[in-house]
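Hi,

Here is the structure I promised to pass on. Have a look at it first, and then read my notes below.

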Amino acid sequence: MFFVYIIQSKTNFSYYIGYSGNLERRLIYHNSGRSRYTSKNTPWKLIYFEKFDSKSDAIKREIFIKRQKSRVFIEELIANSTIENYNI
């Protein structure tokens, strides 16, 4: 199982989009400061994710979301979905 996820900084409210095979471990990684891009804006919270059966499908979806280059697009994804309804 693979995931495309969106996390949001609790300090400056920026978004980060990524993919992972283990969401919990990846969020810990982002919040530990080991990721160069996300280390400056910790802490991060998981606000959106999608499940995929294959790594390639997850990567394609991540690329699609990133290519939108739109905060509005990201916020619509989040608004139309609640992560409380999902089981990781």
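**Around Ser 9**

Ser 9 touches Ser 14, Asn 41, Pro 43 and Trp 44, leaving out residues up to four places away in sequence. Before you read on, keep in mind that this is a predicted model. Ser 9 sits in strand β1 and is buried, with a relative accessible area of 0%. Its side chain still finds polar partners: the side chain of Thr 11 at 2.8 Å, and the side chain of Asn 12 at 3.2 Å.

Asn 12 also has a polar contact with the side chain of Ser 14, at 2.8 Å. Ser 14 belongs to the loop between β1 and β2. At 17% relative accessible area, Ser 14 counts as buried because the cut-off is under 20%. Setting aside neighbours within four places in sequence, Ser 14 is in contact with Ile 7, Gln 8, Ser 9, Asn 41, Trp 44 and Arg 71. Keep Arg 71 in mind, as I come back to that residue under the salt bridges.

**The nonpolar cores**

The largest nonpolar core has 12 residues, including Val 4, Ile 6, Tyr 15, Ile 17, Ile 47 and Tyr 48. Phe 52, Ala 58 and Ile 65 are also among them, as are Ile 74, Leu 77 and Ile 78. Two or more residues each come from β1 (2-9), β2 (15-20), β3 (44-52), α2 (55-68) and α3 (71-79). Apart from this core lies another one of eight residues, and Phe 3, Ile 7, Leu 46 and Phe 49 are among them.

Not counting residues up to four places away in sequence, Phe 52 touches Met 1, Phe 2, Val 4, Asp 57, Ala 58 and Arg 61.

**Helix α3**

Which residues of α3 are buried? Ile 74, Leu 77 and Ile 78 are. They lie on the same side of α3 because they cover an arc of only 95° around the axis. The cover over the buried residues of α3 includes β1, β2, β3 and α2. On the face turned away from that buried side, you will find the exposed residues Val 72 and Ala 79. Ser 70 caps the N-terminal end of α3, with a side-chain oxygen 3.3 Å from the backbone nitrogen of Val 72.

**Salt bridges**

How many salt bridges does the structure hold? There are three.

- Arg 61 pairs with Glu 50, the closest N and O atoms being 3.0 Å apart. This one links distant parts of the chain, with Arg 61 in helix α2 and Glu 50 in strand β3, 11 residues apart. Glu 50 is buried, at 15% relative accessible area.
- Glu 62 pairs with Lys 66, the closest N and O atoms being 2.9 Å apart. The two are four residues apart in helix α2, so about one helical turn separates them. Glu 62 is buried at 9% relative accessibility, while Lys 66 is partly exposed at 38%.
- Glu 75 meets Arg 71 at 3.1 Å, N to O. Both lie in helix α3, four residues apart, about one turn of the helix. Glu 75 is partly exposed, with a relative accessible area of 34%, and Arg 71 is partly exposed too, at 43%.

Cheers

Note on methods
Residues are numbered from 1 along each chain as its sequence is written. This is a predicted model: local features need pLDDT of at least 70, side-chain atom pairs count only at pLDDT 80 or more; totals for chains, interfaces and linings use all residues. Side-chain values use heavy atoms; hydrogens and water are left out. A nonpolar core is a set of buried Ala, Val, Leu, Ile, Met, Phe, Trp, Tyr and Cys residues joined through side-chain atoms within 4.5 Å. Buried means under 20% relative accessible area, exposed over 50%, partly exposed in between (1.4 Å probe, protein chains only). Contact means heavy atoms within 4.5 Å. The arc is that of the directions from the helix axis to the C-beta atoms. A polar contact is a pair of N or O atoms within 3.5 Å; within protein, one must be able to donate a hydrogen and the other to accept it, and residues adjacent in sequence count only if both atoms are side-chain atoms. A salt bridge is a side-chain nitrogen of Lys or Arg within 4 Å of a carboxyl oxygen of Asp or Glu.
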